[in-house]
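Trainee: I would like a close look at one part of this model, the aromatic side chains and what surrounds them. Please take the ring pairs one by one.

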Amino acid sequence: MTMRLKLYTLLCISFLLIFTACNQDDDPVPAEKVTRTVLAYIMADNSLSGFASIDIDEMMKGMEAVDASLYNLLVYVDDASREGSQSYKFPTLYRLSKDKNGNVVKETVKEYKEQVSTDPAVMQEVLKRAFTEYPAESYGLVLWSHGEGWIPNPLPLAKQASTRWVGEDTTGGTTYLNISDIAAILSEFPRFDFILFDACYMASVECAYELRNKAEYILASPTETLADGWPYADMMPQLFATNLQLEKVGETFYNYYLNDSYPYATVSLTKTSELDNLKNATREILADKPESDIYSLDLKKMQRLEYLYRSPGMLYDMADYIKQLATDEQYSNFISCLDKAVVYKAHTPKSYYYYGTPQQALPVDSYCGLTVFVPQPKQSFSKIFDWYKERVSWYKAVYE
């Protein structure tokens with residue numbers, strides 16, 4: 001064989017190897033199907049950045065008690081920090097697997113270039129890669145970041161505001177992830193067993209109703225979640241139990257903070273298949289109520305579940321709101337539907353509000369597990385109320 005032919009042959013082989021490697025990256029071979037795959041989608045390119053690595057370490061600790069041959073925990077992390085041993089230099093998708101000695105390790109599935117993780121296209125690609133490469137009989141999703149439920153951003157409401165949001169990314173400016181975008185993305189995947197929000201203010205009836213067809217259950221807090229987040233070391237065995245133990249996950253979260261130096265936590269578990277019945281019960285109560293009846297309600301008599309610098313508020317205990325409008329018979333039916341929809345709830349005596357002035361802990365006297373917006377006539381809220389009518393499915397379902 002001549003030298004030229006040898007070089008040609010080597011070039012062909014090299015090209016073939018490169019081509020094959022590219023194909024393997026673009027069209028990865030799925031792993032063997034397991035019992036459950038859970039993806040934690042961590043949007044930490046913001047002021048919570050320092051807590052991402054802590055939570056991932058907790059997840060690794062928790063996975064020590066989980067059979068990695070039967071269950072997949074995938075973690076996508078986009079961290080604002082770019083230096084230091086505890087940061088993640090680029091957005092990366094990991095699988096927390098075990099080595100031959102049984103030690104939990106981070107196995108890199110895909111390292112990305114810098115990207116905006118609140119971009120729906122980015123989230124869609126990560127989810128598609130995760131659930132295509134690691135198929136399972138059931139799926140769960142953890143969404144980790146800042147959040148403010150159905151409330152739009154920016155406030156005061158600008159014409160371009162369109163975001164009911166969870167997730168904040170400060171790459172090249174601050175962007176948020178719209179709840180309706182999440183719903184659209186999740187429509188491409190099998191119905192999730194659960195969505196867990198490690199973010200503030202996500203246990204609102206508006207958010208749960210928006211995502212009712214995307215997951216069987218939603219775990220979230222209706223108030224602020226302290227920056228420590230959820231206690232993943234204790235939760236992992238519960239999330240990967242043969243019989244999913246979501247009530248125990250909620251209890252674990254509650255007990256973790258109840259015994260903490262900052263004893264503040266609220267949590268609820270919503271069964272989404274019961275939300276249509278809750279909607280019907282609510283609609284029946286509101287059907288004959290003119291706006292003047294709602295506007296005349298005394299907000300001071302309702303449990304407010306948010307910081308106090310906004311006036312009036314936008315997040316009130318749902319049962320406290322409905323109680324002021326319903327007959328005894330209507331309220332009894334509503335509570336029956338609510339109890340079937342919110343299958344677990346717990347709260348500490350007070351909830352702590354870091355954001356707002358002053359930072360403080362406020363008492364929780366009434367608590368049903370879900371917040372709701374109470375329509376307001378004040379001129380300062382007119383744009384927000386108009387936006388709420390146009391963009392929030394819950395309004396259309398119960399008021400129109």
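**Aromatic pairs and their surroundings**

Mentor: Tyr41 counts as buried because its relative accessibility is 0%, where buried means under 20% relative accessible area, exposed over 50% and partly exposed in between, with a 1.4 Å probe and protein chains only. This is a predicted model, in which local features need pLDDT of at least 70 and side-chain atom pairs count only at pLDDT 80 or more, while totals for chains, interfaces and linings use all residues. Residues are numbered from 1 along each chain as its sequence is written, and side-chain values use heavy atoms, with hydrogens and water left out.

The whole structure holds 23 aromatic pairs. Rings of Phe, Tyr and Trp (its six-membered ring) pair if their centres lie within 6.5 Å; planes under 30 degrees apart count as stacked, over 60 as edge-to-face and the rest as tilted. Tyr41 and Tyr76 make a stacked pair, 4.8 Å centre to centre with 15° between the planes. Tyr41 belongs to strand β1 (residues 34-44) and Tyr76 to strand β2 (residues 71-79), so this pair links distant parts of the chain, 35 residues apart. Helices (H or I, at least four residues) and strands (E, at least two) are DSSP runs, numbered from the N terminus. Tyr76 is also buried, with a relative accessible area of 0%.

Tyr209 and Trp394 form an edge-to-face pair, because their ring centres are 5.4 Å apart and their planes stand at 75°. Tyr209 is in helix α5 (residues 205-210) and Trp394 in helix α13 (residues 393-398), so the pair ties together parts that are 185 residues apart in sequence. Tyr209 counts as buried at 6% relative accessibility, and Trp394 is buried with a relative accessible area of 2%.

A charge sits over a ring if NZ of Lys or CZ of Arg is within 6 Å of the ring centre and within 35 degrees of the ring normal. The charged end of Lys106 likewise sits over the ring of Tyr94, 6.0 Å from its centre.

Ring pairs also link a cluster made up of Trp150, Phe373, Phe385, Trp387, Tyr388, Tyr395 and Tyr399.
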